[in-house]
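I opened this entry to get a first picture of a structure that is new to me. My notes follow in the order in which I looked things up.

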Amino acid sequence: MREGHHLCPSRSLSMKIELVVIGKTTSRYLQDGIDLYCKRLKHYVPFELRSLSDVKTTKSLTQERQKELEGEQFLSLLQPGDYLVLLDEHGKEYTSREYAAYIDRKMSVVPKRILFLVGGPYGFSQEVYSRADDKISFSKMTFSHEMIRLFFVEQLYRAMSILRGEPYHHD
């Protein structure tokens with residue numbers, strides 16, 4: 001396994017879901033949870049958590065410039081046909097069942113990859129917002145960039161279990 005990539009192969013689908021984040025997960029307890037749900041996801045869908053390099057903040061680097069540099073990294077990953085979803089505080093909120101239906105719809109129409117992006121500490125550049133196909137929010141609350149990774153993989157696993165009618169989710 002290459003550093004910065006956590007691949008969970010699947011036996012069932014060719015469409016792939018990726019979560020792209022800035023920086024590594026440094027908290028062991030969060031990484032343990034991410035690993036747990038990634039392992040569970042392999043039964044449902046190809047999934048990759050991709051960590052991009054941190055942009056080192058310096059006094060000479062404005063917040064806007066940092067967002068631009070991070071945005072260039074994000075945008076360089078895109079391929080034709082990719083569906084780009086920003087995890088953004090101003091995005092649409094879903095219940096777990098609604099999110100499962102959203103994932104199901106996207107999996108039936110997106111031919112190659114759905115990329116979910118977690119921005120850096122200052123959010124996304126205007127170029128990333130302009131390229132985005134959708135924005136979703138996991139809460140009106142703000143979570144650390146490392147915590148949202150765990151929340152994302154758990155909710156994706158929950159969505160898959162809902163779609164399969166498995167007993168993980170309880171209303």
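**Charges**

I looked up the charges first: the mean positions of the 25 positive and 23 negative charges of the protein are 4 Å apart. Lys and Arg count as positive and Asp and Glu as negative, while His and the chain ends are not counted. Each charge is placed at NZ of Lys, CZ of Arg, CG of Asp or CD of Glu.

**Basis**

I note that this is a predicted model, where local features need pLDDT of at least 70 and side-chain atom pairs pLDDT 80 or more, while totals for chains, interfaces and linings use all residues. Residues are numbered from 1 along each chain as its sequence is written, and side-chain values use heavy atoms, without hydrogens and water.

**Elements**

I found 5 helices and 6 strands, which are DSSP runs (H or I, at least four residues; E, at least two) numbered from the N terminus. Their order from the N terminus is β-β-α-β-α-β-α-β-α-β-α.

**Core**

I then asked which residues have the most contacts inside the largest nonpolar core. They are Ile 17, Phe 47, Ile 103, Phe 116 and Phe 152, in a core of 35 residues. Such a core is a set of buried Ala, Val, Leu, Ile, Met, Phe, Trp, Tyr and Cys residues joined through side-chain atoms within 4.5 Å; buried means under 20% relative accessible area, with a 1.4 Å probe and protein chains only. The largest share of this core, 9 residues, comes from α5. I also noted a second, separate core of 12 residues, including Phe 74 and Leu 115.

Technical notes. Buried means under 20% relative accessible area, exposed over 50%, partly exposed in between (1.4 Å probe, protein chains only).
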